[in-house]
Amino acid sequence: MKVFMRKKTFSAAFAVLSAVCALSLPSLCDAAETISPDQLLAVRQAARQGDAEAQYNLGVCYANGNGVEKDMQEAVRWFRKAAGRGDAKAQYELGYCYAFGDGIEEDFMEAVNWWRKAAHQGDADAQLDLGVCYQYGAGVELDEKEAVRWYRKAAEQGDARAQYIVGCCYASRYGVEQDRREAAQWYRKAAVQGHAKAQYELGWCYDNGKGVKQDEKEAVRWYRKAAEQGDAKAQYELGWCYDNGKGVKQDEKEAVRWYRKAAEQGFAPARRALNQKDAEAQYKLGQCYECGRGVERDYTEAVRWYRMAAHQGLAQAQYNLGNCYSYGRGVEKDEKKAEYWYQKAAKQGFAPARRALKPISKFIKDLPSNRVSPQLVEP
């Protein structure tokens, strides 16, 4: 019998769990195949006769609104029938419905119950989700070793998401002894399947000789694969490699191209927290425009990128932005704003900014006593 796959819409609750553990949520199918009236009739008849696979398929039809009006309560009813007959896919789906309150009241303990049943039958999605539950104490007591155990079961079935997580566990001593070589092996398994984060991590392993023999060219190869999938950290690292001739021939234009791709993700959706390398990429791009490295010199564009990085707290960018205001490069000359950004950088211990403040401080000190230095506000 044809098995129809369910389209999924994920709730915020489990999206938070997935974001924390760097997962992409399991997606069974982006678009379910449309069922014909004759097929639907046959599925319904078989389902009523107790065929578990037909019951699961009918549940999928109701969940997707495929051939019938969408009805999650009816979907849950058919998933439950099939799950009760031992159908692993239905058990997983029923757990999903409980986890998200989709067609039934939310109940993570019950979700875990059904995912466990499916996991014991070898369903990789259920094993992965069960691992997440143990990692974050959702519906069960938090248990690192048990989380790793279920992640490994899914990983051993070839699930790239689970393979990546197992690699992270070995790299970070989560639930297992740290083993960089084992981490690299799991990253590789996921990377060859196209998992972008695993590709980045494998590139990092080669870049730093962690778990593998250091190989700059191999690092670049994996950074590129991840970068081409939009991984910001990989884009930054690839830009840095081109900028410094590490593993590739030095090429400032290519460096600028990859720095830009990483930097432009500084305004990524809230689900992806900005990290330090975003700011560094923005800063590097600002330098390229200020110095005319790989691009035509453009002080206005340099200021734009310095400002992005400065607002993220990067001292070097704050200092350079202060210089731009001090010398009127790309912006109107403004000593007050220059001082503001120098102070920002100086408070982080950035020595050039402290030195830059001395002439300003001396100028303010020499002002007539009836003059009050204006309160600095953020530009």
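**Aromatic pairs, helix packing and buried positions**

Trp341 has a relative accessible area of 1% and is therefore buried (buried means under 20% relative accessible area, exposed over 50%, and partly exposed in between, with a 1.4 Å probe and protein chains only). The model is predicted, and local features are reported at pLDDT of at least 70 and side-chain atom pairs at pLDDT 80 or more, whereas totals for chains, interfaces and linings take in all residues. Residues are numbered from 1 along each chain as its sequence is written, and side-chain values use heavy atoms, leaving out hydrogens and water.

The secondary structure comprises 19 helices and 0 strands (DSSP runs numbered from the N terminus, with helices being H or I of at least four residues and strands E of at least two). The protein has 379 residues, of which 50% count as buried. Of the contacts between residues at least 6 apart in sequence, 51% join residues at least 24 apart (contact means heavy atoms within 4.5 Å).

Across the whole structure, 10 aromatic pairs were found (rings of Phe, Tyr and Trp, the last by its six-membered ring, pair if their centres lie within 6.5 Å; planes under 30 degrees apart are stacked, over 60 edge-to-face, and the rest tilted). In one of these, the ring centres of Tyr319 and Phe350 are 5.5 Å apart and the ring planes stand at 55 degrees, so the pair is tilted. Tyr319 belongs to helix 17 (residues 315–327), while Phe350 is in the loop between helix 18 (335–346) and helix 19 (351–365), so this pair ties together parts that are 31 residues apart in sequence. Tyr319 is buried, at 19% relative accessibility. A second pair is formed by Tyr340 and Trp341, whose ring centres are 5.0 Å apart and whose planes stand at 90 degrees, so the pair is edge-to-face. Tyr340 is buried at 10% relative accessibility, and Trp341, as given above, is buried at 1%. Ring pairs also join Tyr319, Tyr342 and Phe350 in a cluster.

Aromatic rings also take part in arrangements with lysine. The charged end of Lys89 sits over the ring of Tyr56, at 5.1 Å from the ring centre (NZ of Lys or CZ of Arg must be within 6 Å of the ring centre and within 35 degrees of the ring normal). Lys225 lies over the face of Trp222, 5.7 Å from the ring centre.

Two packed helices are described by the angle and the distance between their axes. The axes of helix 4 (residues 72–84) and helix 5 come within 8 Å and cross at roughly 140 degrees (axes are lines fitted to C-alpha atoms, for helices over the stretch in contact, and angles run from 0 to 180 degrees between N-to-C directions). These two helices are therefore oblique to each other (under 35 degrees is roughly parallel, over 145 roughly antiparallel, 65 to 115 roughly perpendicular, and the rest oblique). The crossing of helix 4 and helix 5 is left-handed (the near helix is turned anticlockwise from the far one by less than a right angle; clockwise is right-handed). At this contact, Met72, Val76, Phe79, Arg80, Ala82 and Ala83 in helix 4 meet Ala90, Gln91, Glu93, Leu94, Cys97 and Tyr98 in helix 5.

Helix 5 (residues 88–100) also packs with helix 6 (residues 108–120), the axes coming within 8 Å and crossing at roughly 165 degrees. Helix 5 and helix 6 are therefore roughly antiparallel, and their crossing is left-handed. Residues of helix 5 that meet helix 6 include Ala88, Gln91, Tyr92, Leu94 and Tyr98, and those on the side of helix 6 include Phe108, Trp114, Trp115 and Lys117.

Asp243 lies in helix 13 (residues 232–244) and is buried, at 8% relative accessibility. Gln250, Ala255, Tyr259, Lys284 and Arg293 touch Asp243, with residues up to four places away in sequence not counted. The C-alpha atoms of Asp243 and Glu254 are 7.9 Å apart, for a sequence separation of 11 residues.

Ala190 is in helix 10 and is buried at 0% relative accessibility. Leaving aside residues up to four places away in sequence, Ala190 touches Ala160, Gln163, Tyr164, His195 and Ala198. Ala190 and Arg161 are 29 residues apart in sequence, and their C-alpha atoms are 6.9 Å apart.

Arg173 is in the loop between helix 9 (160–172) and helix 10 (180–191). Its phi is near 65 degrees, a positive value in a residue other than glycine. At 53% relative accessibility, Arg173 is exposed.
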